[in-house]
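Here are my notes for you, written as numbered points. Keep the structure open while you read and look up each residue as it comes along.

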Amino acid sequence: PAARTNLLSGDQILAIDDRSTDGLSMADVLRLMRGVPGTPIRLTILHAGEPEPQTIELVRETIMIDSILGDLRRADTCRAHPRTHPPG
């Protein structure tokens, strides 16, 4: 959902559902952002280089993350197998 709303590296999340993120740990921020797929979330974002924050609304969804399984059989040979699974 974030990629579709133009969230970029360097953007700051100032608030989640009107709750300030100031002083929150990354674990606390993630806890506030995660939720039941299909439920709304409102983020106040300050884009890098912009003077004023903006509020965007997203709908939570399950995010699939590609990962690589590796199999090192010899020092000069590595086989990698891409897998897609939901974050754990």
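**Notes on the fold, the core and the charged pairs**

1. Let's begin with the overall layout. The protein chain has 1 helix and 6 strands, where helices (H or I, at least four residues) and strands (E, at least two) are DSSP runs, numbered from the N terminus. Starting at the N terminus, the order is β-β-α-β-β-β-β.

2. A word on what you're looking at. This is a predicted model, in which local features need pLDDT of at least 70 and side-chain atom pairs count only at pLDDT 80 or more, while totals for chains, interfaces and linings use all residues. Residues are numbered from 1 along each chain as its sequence is written, and side-chain values use heavy atoms, with hydrogens and water left out.

3. Now for the surface. Of the 88 residues, 16% count as buried. Here buried means under 20% relative accessible area, exposed means over 50%, and partly exposed is in between (1.4 Å probe, protein chains only).

4. Next, contacts, meaning heavy atoms within 4.5 Å. Take the contacts in the protein chain with a separation of 6 or more: 38% of them involve residues 24 or more positions apart.

5. Which residues make up the largest nonpolar core? There are 8 of them: Ile16, Val29, Leu32, Ile41, Leu43, Ile45, Ile56 and Leu58. Helix H1 (26-33), strand E3 (40-46) and strand E4 (54-59) are the elements that give two or more residues to this core. E3 gives the most, with 3 residues. By definition, a nonpolar core is a set of buried Ala, Val, Leu, Ile, Met, Phe, Trp, Tyr and Cys residues joined through side-chain atoms within 4.5 Å. As background, nonpolar side chains in soluble globular proteins tend to be buried together.

6. Have a look at Thr44, which sits in strand E3. Is Thr44 buried or exposed? Thr44 counts as buried, because its relative accessibility is 17%. If you skip its neighbours within four places in sequence, Thr44 is in contact with Gln12, Ile13, Leu14, Ala15, Pro53, Gln54 and Thr55.

7. Move on to His47, in the loop between E3 and E4. His47 also counts as buried, at 15% relative accessibility. Leaving out neighbours within four places in sequence, the contacts of His47 are Asn6, Asp11 and Gln54.

8. Glu57 belongs to strand E4. Glu57 is exposed, with a relative accessible area of 59%. Apart from neighbours within four places in sequence, Glu57 is in contact with Ile41 and Arg42. Check Thr5 too: Glu57 and Thr5 are 52 residues apart along the chain, and their C-alpha atoms are separated by 8.7 Å.

9. The loop between strand E1 (12-16) and strand E2 (19-20) holds Asp17, and Asp18 is found in the loop between E1 and E2 as well. What is the phi of Asp17? Phi of Asp17 is near 50 degrees, a positive value in a residue other than glycine. Asp18 isn't a glycine either, yet has a positive phi of about 70 degrees. Asp17 is partly exposed, with a relative accessible area of 36%, and Asp18 is exposed, at 59%.

10. On to the charges. Side chains of opposite charge can pair when their charged atoms come close. A salt bridge here is a side-chain nitrogen of Lys or Arg within 4 Å of a carboxyl oxygen of Asp or Glu, and by this rule the count comes to 2.

11. Arg42 is partly exposed, with a relative accessible area of 29%.

12. Arg31 forms a salt bridge with Asp28, where the closest N and O atoms are 3.9 Å apart. Arg31 and Asp28 are separated by about one helical turn, because they are 3 residues apart in helix H1. Asp28 is partly exposed, with a relative accessible area of 26%.
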